[in-house]
Amino acid sequence: MGAFLYGVSLQWKLDIRSKTLLITCYIVPLLFFAIMGGIFTAIMPEAKDMLIPSMTVFGVTMGALIGLPPSLVEIYGSDIKKVYKANGVPLYLGVALTNISSFIHLFIMSIILYIAAPLAFHAEIPENPGMYFAGLAIFIAVSLGIASIIGLAVKDQAKTSMFSIIVFLPSIMLSGIMFPIELLPKVFETIGKLFPAAWGYGLISANAFRFEHLLPLLLFFALSVPVCGILLHKTEE
């Protein structure tokens with residue numbers, strides 16, 4: 001119990017001084033929403049129907065893929081790992097606590113978008129809020145799982161940022177939030193389906209859980225957990 005509380009305390013201190021967390025989970029997503037929300041609704045008034053899901057997918061993908069990996073590198077690629085070991089804190093706790101922390105921040109950011117979009121741009125509120133937030137929770141968890149793989153696999157800060165951007169850009173551009181995915185060439189539409197963002201957008205933009213959107217996300221999550229376990233085991237060696 002003491003080791004767990006120490007890990008929580010250490011993670012809290014890391015979160016407080018993390019500029020990356022503030023920028024990727026709040027400033028950039030909300031700034032993108034303020035600018036692009038106005039542009040989308042001005043050029044295409046019908047965009048307000050899907051503004052909340054599309055801006056949320058961008059924010060979650062940004063916060064997870066760009067924000068989480070550097071935090072993991074900070075823990076497992078520095079002396080913080082030695083501090084964990086010296087205080088008897090299991091190394092897996094670092095991944096768990098950073099994921100929980102990021103999940104909470106991304107969920108808060110999503111709630112801000114959910115409230116602000118109708119007020120700022122008269123965006124349509126999802127018909128079934130319960131289904132929307134349940135789907136959102138699944139999408140956030142899956143995105144963080146993929147981000148954890150990047151953070152654990154790549155120990156160098158610069159390379160981590162590069163890999164994060166390589167995954168982030170196609171996730172956003174091919175997810176359908178910028179323009180209808182049907183307009184993409186078939187090959188790009190297929191590539192887009194290799195990333196959680198496309199399935200997450202389909203899940204939270206629907207008014208009910210659709211198995212064809214839910215299943216791929218569950219498969220992504222089921223794959224990320226053992227991969228993270230293997231990478232953690234290598235970190236302990």
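Colleague: Among contacts in the protein chain between residues at least 6 apart in sequence, what share join residues at least 24 apart?
Modeller: The share is 77%. Bear in mind that this is a predicted model.

Colleague: How many helices and how many strands does the protein chain have?
Modeller: The count is 10 helices and 0 strands. Read along the sequence, the pattern is α-α-α-α-α-α-α-α-α-α.

Colleague: What percentage of the residues count as buried?
Modeller: Of the 237 residues in the protein chain, 50% are buried.

Colleague: Pick L152. What is it in contact with, leaving aside neighbours within four places in sequence?
Modeller: L152 touches L72, Y76, V95, C228, L231 and L232.

Colleague: Now S148. Where is that one?
Modeller: S148 sits in helix α6.

Colleague: Is S148 buried or exposed?
Modeller: S148 is buried, because its relative accessibility is 1% and the cut-off for buried is under 20%.

Colleague: What does its side chain reach?
Modeller: The S148 side chain reaches the backbone oxygen of L144, at 2.8 Å. Beyond its neighbours within four places in sequence, S148 is in contact with L68, L72, V95, N99 and C228. L72, V95 and C228 are also on the contact list of L152.

Colleague: There's another serine I care about, S164. Which helix is it in?
Modeller: S164 is in helix α7. The residue is buried, at 2% relative accessible area.

Colleague: Which backbone oxygen lies 2.9 Å from a polar atom of the S164 side chain?
Modeller: The backbone oxygen of L65. Leaving aside neighbours within four places in sequence, S164 contacts L65, I66, P69 and I150.

Colleague: Switching to helix packing. How do the axes of α2 and α5 cross?
Modeller: The two axes come within 11 Å and cross at roughly 20°. So α2 is roughly parallel to α5. The crossing is right-handed.

Colleague: Which residues make that contact?
Modeller: From α2, the residues are L21, C25, Y26, P29, L30, F33, A34, G37, G38 and T41. From α5, they are H105, L106, I108, M109, I112, L113, A116, A117, A120 and F121.

Colleague: How far apart are I27 and M109?
Modeller: In sequence they are 82 residues apart. In space it is 9.6 Å, C-alpha to C-alpha.

Colleague: What about G77 and K155?
Modeller: They are 78 residues apart along the chain. Their C-alpha atoms are separated by 5.5 Å. G77 is in the loop between α3 and α4 (80-86). At 46% relative accessibility, G77 is partly exposed.

Colleague: Last one, H122. What is its phi?
Modeller: Near 55°, a positive value in a residue other than glycine. Most residues other than glycine have a negative phi.

Colleague: Where is H122, and is it buried or exposed?
Modeller: H122 is in the loop between α5 and α6. The residue is exposed, with a relative accessible area of 59%.

Definitions and conventions
Residues are numbered from 1 along each chain as its sequence is written. This is a predicted model: local features need pLDDT of at least 70, side-chain atom pairs count only at pLDDT 80 or more; totals for chains, interfaces and linings use all residues. Side-chain values use heavy atoms; hydrogens and water are left out. Contact means heavy atoms within 4.5 Å. Helices (H or I, at least four residues) and strands (E, at least two) are DSSP runs, numbered from the N terminus. Buried means under 20% relative accessible area, exposed over 50%, partly exposed in between (1.4 Å probe, protein chains only). A polar contact is a pair of N or O atoms within 3.5 Å; within protein, one must be able to donate a hydrogen and the other to accept it, and residues adjacent in sequence count only if both atoms are side-chain atoms. Axes are lines fitted to C-alpha atoms, for helices over the stretch in contact, and angles run from 0 to 180 degrees between N-to-C directions. Angles under 35 degrees count as roughly parallel, over 145 as roughly antiparallel, 65 to 115 as roughly perpendicular and the rest as oblique. A crossing is left-handed if the near helix is turned anticlockwise from the far one by less than a right angle, and right-handed if clockwise.
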